[in-house]
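Reader: I would like to learn how to read a surface patch in a model. Please start with the terms.

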Amino acid sequence: MSPTKQWIRPYLKRFSGLSWNAVLAIVSVVFVIQLALLALVLWLPGRSNVWVAVGLIGLAGTLAAWLALGWFAGQMTRQRRTADELRQAYAKLAETHRQLLAVHDIGKEIASAADIQQVLELAARAPSHLAGAQGSAVVMFDEKHERLR
């Protein structure tokens, strides 16, 4: 496919994935409309005016094709929008999963900590694991001297 036609490739790919039942239904509707117009033209007086029949049937076919392609374009737009929303939701879910795993790991480490110093070190590291912080600190209140340290 030439570079000038690259823009149509995603549409052709989506069009080829559409259900053949939908395509068959649209072709059937167009056929019925054109059949009804042919019957109308044959019913009208002056059957020799073939150009009126050709014009009406051509117009109806063009209109039906335009409506069908508009419907397909709407379906593809909705599908693309839904796929984008799904991608965003998946990315958010993956980030939440990563954070929950980090909380779980920190909880396991705190439960197995031997002393308060290890717990404080874990508490200082937790923000960087959970929120991507560049640094953190633990501030404690010294009751004996009534100050922060």
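Author: A patch is made of residues with over 30% relative accessible area and no salt bridge; like charges are joined within 9 Å, and nonpolar side chains (Val, Leu, Ile, Met, Phe, Trp, Tyr) within 5 Å. A salt bridge is a side-chain nitrogen of Lys or Arg within 4 Å of a carboxyl oxygen of Asp or Glu. Accessible areas come from the Shrake-Rupley method with a 1.4 Å probe, and for residues only the protein chains shown count as cover.

Author: This is a predicted model, in which local features need pLDDT of at least 70, side-chain atom pairs count only at pLDDT 80 or more, and totals for chains, interfaces and linings use all residues. Residues are numbered from 1 along each chain as its sequence is written, and side-chain values use heavy atoms, with hydrogens and water left out.

Reader: Which residues form a nonpolar patch on the surface?

Author: Phe 31, Val 32, Leu 35, Leu 38 and Leu 42 do, with about 470 Å² of accessible area together.

Reader: Where does Leu 35 lie?

Author: Helices (H or I, at least four residues) and strands (E, at least two) are DSSP runs, numbered from the N terminus. Leu 35 lies in helix H2, residues 20-43. The protein chain has four helices and two strands, in the pattern α-α-α-α-β-β.

Reader: Is Leu 35 buried, partly exposed or exposed, and what is its relative accessible area?

Author: Buried means under 20% relative accessible area, exposed over 50%, and partly exposed in between (1.4 Å probe, protein chains only). Leu 35 is partly exposed, at 46%. Buried residues make up 11% of the 149 residues in the protein chain.
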